[in-house]
There are 2 protein chains.
Amino acid sequence: MSSFRAQKMAKKKQEILRSAAAVLVEKGYQGTTMEEIAAKLLMTKGSMYYYFKNKDDLLYQCHLMIMEICLDGIEKVIESDRNPIDKLRSAIKEHILLATSEKSMFMALSKPNLNFSEEQLQEVLELRKSYSQYFDRIIQEGIDKQVFDRVEVKMVRLIILGSLNWIQEWYDQNGPQSAEEISDAYADYLLKMVM
Amino acid sequence: MSSFRAQKMAKKKQEILRSAAAVLVEKGYQGTTMEEIAAKLLMTKGSMYYYFKNKDDLLYQCHLMIMEICLDGIEKVIESDRNPIDKLRSAIKEHILLATSEKSMFMALSKPNLNFSEEQLQEVLELRKSYSQYFDRIIQEGIDKQVFDRVEVKMVRLIILGSLNWIQEWYDQNGPQSAEEISDAYADYLLKMVM
DNA sequence: AATAATTTTAAACATACGTTCAAAAAATAA
DNA sequence: TTATTTTTTGAACGTATGTTTAAAATTATT
């Protein structure tokens, strides 16, 4: 069966995507080189082209992978049967823990319009929209159940996600506060905004 | 007197810095080319080197210029004799209006550690620290005067500035809400967090 | 073990961009 | 106007990096 080979190829692709994400976070889109992505895996840049059509394709798929991880996280939260307060708290914590521990891949999400084709951009924006809407749903549910104030959902969501996404700008693995502590504090203060 | 020439040179430098800021916002650090900076002013890239030593120097000074504008804004707020609520509200609004109307130069501030020399980096971090400390002072003043809750100053400041800085990621001149409306809403919700 | 399929390599190529420079153009001064 | 100084130009150069490719190395198959 050829699925063994296919599996092996898929695994390698995954490794490359993870390496790319790590470099992306550190260096930004333009600063990410094929050579550096390859070097992290002890390969040469040429072999990247056996797995991906070109740099844009690679970074686009990297983008998708990250978005899917995020979406998986929040979907679990949404589907749980907890109250809106716990859901929003969990969503915030989940986002921060992903953005800090998973090699802070979120930076890769910045300004996709600059680098992607129209088609790719649409897909990315669609996924982002889904992610935002999950937050909106949680907030709206809180309002409907009268545990949250009657806030403007979109504005509050923009504030919350903005503050979360900015963490990758200053977060340091070796800093004084752990991601866990940060996420707890963020959840506390951001919840105050809606209650 | 040679001050006429010097003045003219300074003016040209300013124009170049503004052009650089505009490109920086759109394209990011690595994506900003000397050619594009020059093209916006109907000049050739070669002439940039008559005014600046090199690209790094140009972008560094661009960075400084932006920081100074921001600092001027918040200094005025700090020095006013209003209460902490109004001060924090003003600081938030000021930041958003600068970040959106002044050709949203704030993007240029992202991840300076990747591009600057050690010396330049120290200067930038120093200015950033000053800016942050102004926010901290306002928050602390609010706590001391018992108009704010006893929040963790640093955490709250990180949340506030994070949410503000992220605006440039999605703000659109032609979008449904004006910068004025956005800044009002942000100030309202963020103030809820501390009161 | 021999053959075939696959993955990896290293070098070559193209291009984009930062930088330099000598000459031209423009501005100023005599 | 002529001479001098300042500013701009456009071409040239070097380097970094995305991409291609033919050959080598590795892995799988018979």
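With a relative accessibility of 46%, Lys40(A) counts as partly exposed. Keep in mind that what you are looking at is a predicted model. Lys40(A) sits in the loop that runs between α2 (34–39) and α3 (45–51) of chain A. Leaving aside residues up to four places away in sequence, Lys40(A) touches Ser19(A), Ala22(A), Val23(A) and Glu26(A).

One of those neighbours is a salt-bridge partner: the side chains of Lys40(A) and Glu26(A) meet at 4.0 Å, N to O. Lys40(A) is in the α2–α3 loop and Glu26(A) is in helix α1 of chain A, so this pair ties together parts that are 14 residues apart in sequence. Glu26(A) has 40% relative accessibility, so Glu26(A) counts as partly exposed.

## Ser19(A), on the helix side

Ser19(A) belongs to helix α1 (residues 3–31) of chain A. Its relative accessibility is 5%, and since buried means under 20%, Ser19(A) counts as buried. Again not counting residues up to four places away in sequence, Ser19(A) touches Ile37(A), Lys40(A) and Leu41(A).

## Chain A as a whole

What does the secondary structure of chain A come to? The tally is eight helices and zero strands, and reading along the sequence gives the pattern α-α-α-α-α-α-α-α. Taken along the principal axes, the C-alpha atoms of chain A fill a box of roughly 55 × 40 × 35 Å.

Of the 195 residues in chain A, 53% are buried. If you take the contacts in chain A between residues at least 6 apart in sequence, 69% of them join residues at least 24 apart. Chain A exposes about 9700 Å², with carbon and sulfur atoms supplying 49% of that area.

On the surface, Glu68(A), Asp72(A), Glu123(A) and Glu126(A) gather in a patch of negative charge. The elements giving two or more residues to this negative patch are α4 (55–79) and α6 (118–144) of chain A.

Is Glu68(A) buried or partly exposed? At 43% relative accessibility, Glu68(A) counts as partly exposed.

Over all chains, the structure holds 18 salt bridges. In one of them, the side chains of Lys87(A) and Glu141(A) meet at 3.2 Å, N to O. This pair links distant parts of the chain, with Lys87(A) in helix α5 (residues 84–101) of chain A and Glu141(A) in helix α6 of chain A, 54 residues apart. Lys87(A) is buried, with a relative accessible area of 6%, whereas Glu141(A) is partly exposed at 21%.

Over in chain B, the side chains of Arg157(B) and Asp136(B) form a salt bridge at 2.8 Å, N to O. Arg157(B) lies in helix α7 (residues 153–170) of chain B and Asp136(B) in helix α6 (residues 118–144) of chain B, so the pair ties together parts that are 21 residues apart in sequence. Both Arg157(B) and Asp136(B) are buried. Back in chain A, salt bridges that share partners join Lys87(A), Glu141(A) and Lys145(A) into one network.

Key. Residues are numbered from 1 along each chain as its sequence is written. Chains are lettered from A and ligands numbered from 1 in the order in which they are written. This is a predicted model: local features need pLDDT of at least 70, side-chain atom pairs count only at pLDDT 80 or more; totals for chains, interfaces and linings use all residues. Side-chain values use heavy atoms; hydrogens and water are left out. Patches are made of residues with over 30% relative accessible area and no salt bridge: like charges are joined within 9 Å, nonpolar side chains (Val, Leu, Ile, Met, Phe, Trp, Tyr) within 5 Å. Accessible areas come from the Shrake-Rupley method with a 1.4 Å probe; for residues, only the protein chains shown count as cover. Lys and Arg count as positive and Asp and Glu as negative; His and the chain ends are not counted. The place of a charge is taken as NZ of Lys, CZ of Arg, CG of Asp or CD of Glu. Helices (H or I, at least four residues) and strands (E, at least two) are DSSP runs, numbered from the N terminus. Buried means under 20% relative accessible area, exposed over 50%, partly exposed in between (1.4 Å probe, protein chains only). Contact means heavy atoms within 4.5 Å.
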